[in-house]
Amino acid sequence: MPSPPRACSCGRVVPHGERCACQIASTRARNRRHDALRPSAAQRGYDHVWRRARLEFLASNPHCALCGASATIVDHVKAHRGDMELFWEWSNWQPLCKRCHDQAKQRLEWNQLPGGTTTPESKSLDHRKNSPP
């Protein structure tokens, strides 16, 4: 039996599992405001020097740290948040495939609490912590 439709805060009736046009417009406007304030990728450190270092790192670490597939992304284990010393710290980098980066890594970041602690259901994706000594 299908779930009943719901009433949006704007008054429209919306089928179950769908978003109202006003919610979609609100999300797009919020994302535009965020993007307008965000520095460009080059301003955040992802420039030609990064691209060269990234290729070098992936050449020496060709497999995803989580699943073993071919790695295409250099991920910062601990988010650098503009700290350029942490940004360039190779020990803070891990090779990931796009799937692991877009799913497992993002899920971990969403489960993190303020201060860097994680919720009980999240596991560390840091390959150095998961490997035997």
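Is W93 buried or exposed? In this predicted model, W93 is buried, as its relative accessible area comes to 1%.

**Aromatic rings**

There are eight aromatic pairs in the count. One of them joins W88 and W93: the ring centres sit 6.3 Å apart and the planes meet at 55°, so this pair is classed as tilted. To see why, remember that stacked planes are under 30 degrees apart and edge-to-face planes over 60, with the rest called tilted. W88 and W93 also belong to a cluster linked by ring pairs, together with W50, F57, F87 and W90.

**How much surface is left?**

| Residue | Relative accessibility | Class |
|---|---|---|
| W88 | 30% | partly exposed |
| W93 | 1% | buried |
| D75 | 6% | buried |

The label for D75 follows from the cut-off, because buried means under 20% relative accessible area and D75 has 6%.

**A look at D75**

Where does D75 sit? You can find D75 in strand β3, which covers residues 73-76. Leaving aside residues up to four places away in sequence, D75 touches W93, along with N92, Q94, L96, H101 and K105.

Notes: Residues are numbered from 1 along each chain as its sequence is written. This is a predicted model: local features need pLDDT of at least 70, side-chain atom pairs count only at pLDDT 80 or more; totals for chains, interfaces and linings use all residues. Side-chain values use heavy atoms; hydrogens and water are left out. Rings of Phe, Tyr and Trp (its six-membered ring) pair if their centres lie within 6.5 Å; planes under 30 degrees apart count as stacked, over 60 as edge-to-face and the rest as tilted. Buried means under 20% relative accessible area, exposed over 50%, partly exposed in between (1.4 Å probe, protein chains only). Helices (H or I, at least four residues) and strands (E, at least two) are DSSP runs, numbered from the N terminus. Contact means heavy atoms within 4.5 Å.
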